[in-house]
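I opened my notebook to look up a few things in this structure. My notes follow in the order I took them.

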Amino acid sequence: MSTSDPPSASTTSAARAYRAALARLARGEGRHPNHQGRVVRINPASVAREAGKSRNPLYTTHRDILDEIEAASQAPGPAKDLAARVQEMGAEIALLRSDARRHAEEKRKLATENLSLLHRARVAEAQLASLQRRAATAPAAELSVRPLR
């Protein structure tokens with residue numbers, strides 16, 4: 001086919017199929033079983049697979065579509081958005097894990113402090129009970145009160 005000949009009906013149909021497949025993949029809406037529900041990297045093989053056509057015509061007859069595929073693969077799309085989101089979430093997970101470790105350490109320190117305070121409260125209660133028993137049996141002049149530690 002020379003450059004001055006008009007494209008055949010099959011060539012035009014194939015071009016439409018490749019472009020429609022490219023548009024679906026760019027939107028993240030592939031229909032091919034390998035593409036459904038997945039983010040697919042846009043390349044000639046995936047576009048041909050999505051179109052249900054061979055890759056060879058892309059390289060021989062539809063070089064303009066190859067340029068469109070290249071441009072679409074460089075443009076932001078679901079795959080790039082997903083990769084960026086995964087990276088952001090990875091950083092967020094690392095931050096949350098760091099916070100969780102810090103909170104666990106704080107919880108351990110607070111539990112230790114609470115146990116120490118509980119022990120001091122029990123010792124103080126025991127001393128108070130002892131003083132109250134002594135006060136009930138002894139005259140007021142005999143009681144000596146020690147300060148608590």
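Entry 1: I started with Val 86, which sits in helix H5, residues 78-137. The model is a predicted one. Is Val 86 buried or exposed? Its relative accessibility is 52%, so Val 86 counts as exposed, because the cut-off for exposed is over 50%. I then looked at its partners. Val 39, Leu 82 and Val 86 make up a nonpolar patch on the surface. Together they have about 240 Å² of accessible area.

**Entry 2: confidence and layout.** The protein chain has an average pLDDT of 84, and 84% of the residues score at least 70. Helix H1 (residues 9-27) has the lowest confidence, with a mean of 87. Helix H2 (residues 44-51) has the highest, at 92. I noted the layout too: the protein chain has 5 helices and 0 strands. Of its 149 residues, 19% count as buried.

**Entry 3: helix H2.** Next I asked how many residues of H2 are buried. I found 6 of its 8, so H2 is mostly covered. Among them are Pro 44, Val 47 and Ala 51. What do the buried residues of H2 pack against? They pack against H1, helix H3 (56-60) and helix H4 (63-74). Asn 43 caps the N-terminal end of H2. A side-chain oxygen of Asn 43 lies 3.2 Å from the backbone nitrogen of Ala 45. Just after H2, Gly 52 has a positive phi of about 75 degrees.

**Entry 4: salt bridges.** I reminded myself that side chains of opposite charge can pair when their charged atoms come close. The count here is 8 salt bridges. One of them joins the side chains of Glu 68 and Arg 19, at 3.0 Å from N to O. That pair links distant parts of the chain: Glu 68 is in helix H4 and Arg 19 in helix H1, 49 residues apart. Glu 68 is partly exposed, at 31% relative accessible area. Arg 19 is partly exposed too, at 33%.

**Entry 5: pairs within H5.** I looked up Arg 102 and Glu 106, whose side chains meet in a salt bridge of 3.3 Å, N to O. They are 4 residues apart in helix H5, so about one helical turn separates them. Arg 108 forms a salt bridge with Glu 105, with the closest N and O atoms 2.6 Å apart. This pair is 3 residues apart in helix H5, again about one helical turn.

Notes:
Residues numbered from 1 in each chain as written. Predicted model: local features only at pLDDT ≥ 70, side-chain atom pairs only at ≥ 80, totals over all residues. Heavy atoms only, no water. pLDDT = per-residue confidence, 0-100. Helix = DSSP H or I, 4+ residues; strand = E, 2+ residues; numbered from the N terminus. Patch = residues over 30% accessible without salt bridge, like charges linked within 9 Å, V, L, I, M, F, W, Y side chains within 5 Å. Areas by Shrake-Rupley, 256 points an atom, 1.4 Å probe, with all protein chains shown as cover. Salt bridge = Lys/Arg side-chain N within 4 Å of Asp/Glu carboxyl O. Buried < 20%, exposed > 50% of the residue type's maximum accessible area, 1.4 Å probe, protein only. Contact = heavy atoms within 4.5 Å. Polar contact = N/O pair within 3.5 Å; in protein donor to acceptor, adjacent residues only side chain to side chain.
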